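User: Hey, I'm new to this one. Can you walk me through its charged pairs?

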Amino acid sequence: MLASRFGRTLKFRVALLTVVLGMGSLVLIGWFNFQAARAEIKNERFRYLSDLVERIAADIDQRVAVRQRLLASSVRTLHPTDAALPQMAEGILTSLRPIAPLFDALVVYDRHGIILADEPASAGRRGLDIHDRDYFIETRKSLRPMISVPLRTRNNPKRRIVVFTVPLTDPHGQFVGMVGGSLELLSVGFFRDLESITIGNSGYITVNAVRSRLNIYHPDTSRVFEPLPSAASSPALNRALGGWQGVDETTISTGERMLVAYRPLRQVDWVVGGLLPVGEAYEPIYSLAERYIAFALGMMLVVLLLVSWRLKHILRPLDRLKSNILTLPASGNSVLAGISDYDELQSVADVVARAWSERDTMEAQLARSEAFFRALNEASPLGVFVVDDRGKLNYVNRACKRLFGYENEVEWHGRHWNEAVHPLDHERIRALARSLLADGETLVKTECRLINGQRPFLNVELRLCRLTYEAEPRFLGVVMDVSEQEETRQSLMAERERAMAILESIGDAVVLTSHLDEIEYLNQPAEALLGVRAQDTLGRPLYSFASFSPPENGRPLSIQRLESLVAHPFCEMDMMTKDARVQPVVLTLSVIAAVGSMHGYRVYVLHDDSARREREKAHRWEANHDPLTGLLNRRGYLASLSGLLAGPDRKGRNDAIALIDLDHFKAVNDHAGHGAGDQLLQDVAGIIQSRLRSSDVAARLGGDEFALLLFNCRLDDARALIEAVRGQIEAHVLEVAGVSLSVTASVGMTMLRPDDVVPADPIERADQRCYLAKNAGRNRLVTG
Ligand SMILES: Nc1nc2c(ncn2[C@@H]2O[C@H](COP(=O)(O)OP(=O)(O)OP(=O)(O)O)[C@@H](O)[C@H]2O)c(=O)[nH]1
C-alpha cells in the first residue's frame, strides 16, 4: 500500500526517470565500447591464429618435403633387378639408416607388394601383402614418390600411419618394388612439436587429411583418425577441405563457438587448423564489461541517493503550496506565501485562487437557483416529487401533496409513492421505471390514476425522468391533473365520431385539408370521386390528386382564386383527376378557423354534377334541333340566320338561303304510312347534310319543309349545290315492304341582301321562289 503510494509520487517518478536515463546512457556507452573492443580483439585473435597456422603449415610442409626428398635421393641410384631385390632388401635398408630417424619405420616391398624387409623389424610385418593399398598401386603406376592417405597397419590395426613411398626400378626403368617410410600418427614423432604449441588455455591445432577426410593430428589423441564432421556441423573446416584458407568465427562439431584459421599444405593434401574458443578469445573484454556494470550500478546508486536528497529540497515548496491551499479559506493568507520564487507553482497558485473565487461565485449562484426552483416548485400547479430507487418519497411540492391527498400534513417522507397510485396502474409504472434504469431512457411519459380520497380516482399525466447527476439512482416525477382534459377529450371524441358518421353517410364527397392544402381527411364518396384511397393521400397536397377549372375552360384555378369563390354557395367546376378524368362537380369550399391557431382548415364539398350537366345539355339540344332528323329546327335555324344578319361587316359577302319543300309528300304518308314517311324525311335530311360544307347550316322547319343557309357562297355555286341536292332527292328510292317510294323537291333560293335585317326578310323571298317552283310544276329550283 505504502509502496504503491510512493510509486505514484513526483519524487519517485523524477528519481525513476533519472535512474532510467542514467542507466540508459551508461548501457549505451558501455554497449558501443564493448562492441568496438570486441571487434578489435577479434581482429587481433584472427591475426594471431592466421600467423600461427601459417607457420605450422610451412613447418610441416618443409618436414614432409625433407623426408620425401631424402628418401627419394637415397634410392635414386639403386636399380636392382626383380630377381635380385629380395637379397638386396636388407642392404637397401642399411643404406637408408642415415635417414631412419626421420621415419618410424622403413620398409622394402617387391613388385607384388610383399614386404621384403623392415627396419626396425616389427613382428608379423615381413611377408605382408599390401598390393591392394592405394599408395602401392599409385606408386607402381606413376613410378613417382608419393605420400599415402592415413591408414591402419595390417599387422597392428591400432597403429595409424602415413607412408612416404619411392619406387625401385631395374636398369631398364621397370618397376621392381618400392621403399616406404612410415610415420605413426599417434606416436610423438612427426607431430611432436605441435603438442608444445598452445593457443590460450583451451585453443589447439589440428591437421586433417583432405582426401580421406580423416583427422590426422589432434591434441586429444582419441580424435585422431576420426572421420571429419559434416559441412553442417563444421562449416569452416569443410570449406577449408574444399580449398579455402582464412579465418572465421564459427560453430564446430561439438557445438562450441570458435575463432578458427585454416591453411592447406603444399606438399601433401592436409589442412592445418588453429582453433580458439570464442569465450576465451573475448575473455578480457567480458571481464572488463563485468567491472563496467559493477561501476555503473554503483554510480547509479550514488546518483539516486543524491537525486533523492536534492528532490526533497526542491519539492518542499509544493508541500507549502498544499498547506496554503488547505488553510486558504480560514487563514486569509495568500496562496503564494513562501512559493513566490517558483514560476510554475505561482501559475498553479493563480489557478487555485481563481478556482476558489469561481467556486464562491458558483455556490452563491447555486443557492439563488435552488431558492428560485424551490419557489417555482411550490408555486407550480404541477405536482413534482422525487423518489429513490426503491420508490420512497424524498420530496413532494405543494401541488403534489394535493394530488396525492397529503394535504393535511400527513407524514409523506419515506412513504412509497405507489400508495397514491391506483393499483391497476402499479405494474405499468414499475415497467416504465425499469426502462429508465435498464434501457438508458431519460424521460418516460404515461397517464395513470391517482387515489386522493376526494374522488374515485384522478386522471393524471405522469412524466418520470432519472436524475442523472445522482450517484444513487433517483427519479423526478411531474404529475399533471388531466381529469378535465380527459372529459373534454372524451366529449370531443364523441363529437368527432358523430361528425365522421355524418360525413360518411352523406352522398357528397368531403375533403378536409390543412392551411397548406395537405389532405387530412376524405370520406368514402371523395375516394370514389377522386379515384384514390384515403390512406394514400393523407398529408399530401390536394392539387396532386385534383385540380379545378371553370366548366369547359380547362385552366386550373389557384387555391386563392378558389377561396374567392367561397362567397358563392354553388360553384360549378370541372375537376381534373390524377388519372386525367374530367369530372363535373359543384364545389363548396369553406375555410374554418382552427382554435388556438393562426391557420385554419379548408373543407371541400364536391357534388357530382355529371347527370345534371348531361340533362342540361340534352335540353339545350332539344330546344334547337329536330328530333327526327337531327337537323336544326326552325328555332335553331332562325337563331343562326339572325346571328349572321346581326354580324359585322356583311358587305361584299355572298350568303344564300334556300327553302326545300317536298312534293306531294302527303301521298307518301297516305300510301306507305307515317313510319315510311318519317324514314324518307330522314333520308332527305341525310342527302342534304352529305352535300353541304361543314360551315353551312341545314334545318327542318317542319313537316316536309327544309331550309339551308350557305355561307360565303356565290349564286352559281349555290345553284349548282342545290341542283345537286335536288337531283339526289329525286333519284333516291326508299324500299318499304316491297314498295318503292320516292319523292321530289321544289326549292326556292335567294341571296342575302344588305338590307335584310331580320330572318323573315330573306325567308319570305325564298318562300315565294319555292311557291313559284311548285306552281311551275314542282321538282325544280327557282332562284332570285
Ligand atoms: N310522316 C310524316 N308526315 C308529316 C310530318 N309532318 C307533316 N307531315 C305530313 O306532310 C304532309 C305535308 O303535306 P302538304 O305540305 O300539305 O302538301 P304535299 O302533300 O307535300 O303537297 P305539296 O306540298 O303541295 O306538294 C302532310 O300530310 C303532313 O301530315 C311528319 O313529321 N312525318
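**Salt bridges, pair by pair**

Analyst: Let's start with Glu419: in this predicted model, Glu419 is partly exposed, at 46% relative accessibility.

User: Which residue does Glu419 form a salt bridge with?

Analyst: Arg415, and the closest N and O atoms are 3.0 Å apart. Arg415 is partly exposed too, with a relative accessible area of 27%.

User: Why do side chains like that pair up?

Analyst: Opposite charges can pair when the charged atoms of the side chains come close.

User: How many salt bridges are there?

Analyst: The count comes to 48 salt bridges.

User: OK, what about Arg398, which partner does it have?

Analyst: Arg398 pairs with Glu378, with 4.0 Å between the closest N and O atoms.

User: Switching topic: what do Arg428 and Asp425 do?

Analyst: Their side chains meet in a salt bridge, 3.0 Å from N to O. Arg428 is partly exposed, with a relative accessible area of 36%, whereas Asp425 is buried at 2%.

User: Which residues do salt bridges with shared partners join into one network?

Analyst: Glu572, Asp574, Asp609, Arg612, Arg613, Glu616 and Arg620 are joined that way.

Key: Residues numbered from 1 in each chain as written. Predicted model: local features only at pLDDT ≥ 70, side-chain atom pairs only at ≥ 80, totals over all residues. Heavy atoms only, no water. Buried < 20%, exposed > 50% of the residue type's maximum accessible area, 1.4 Å probe, protein only.
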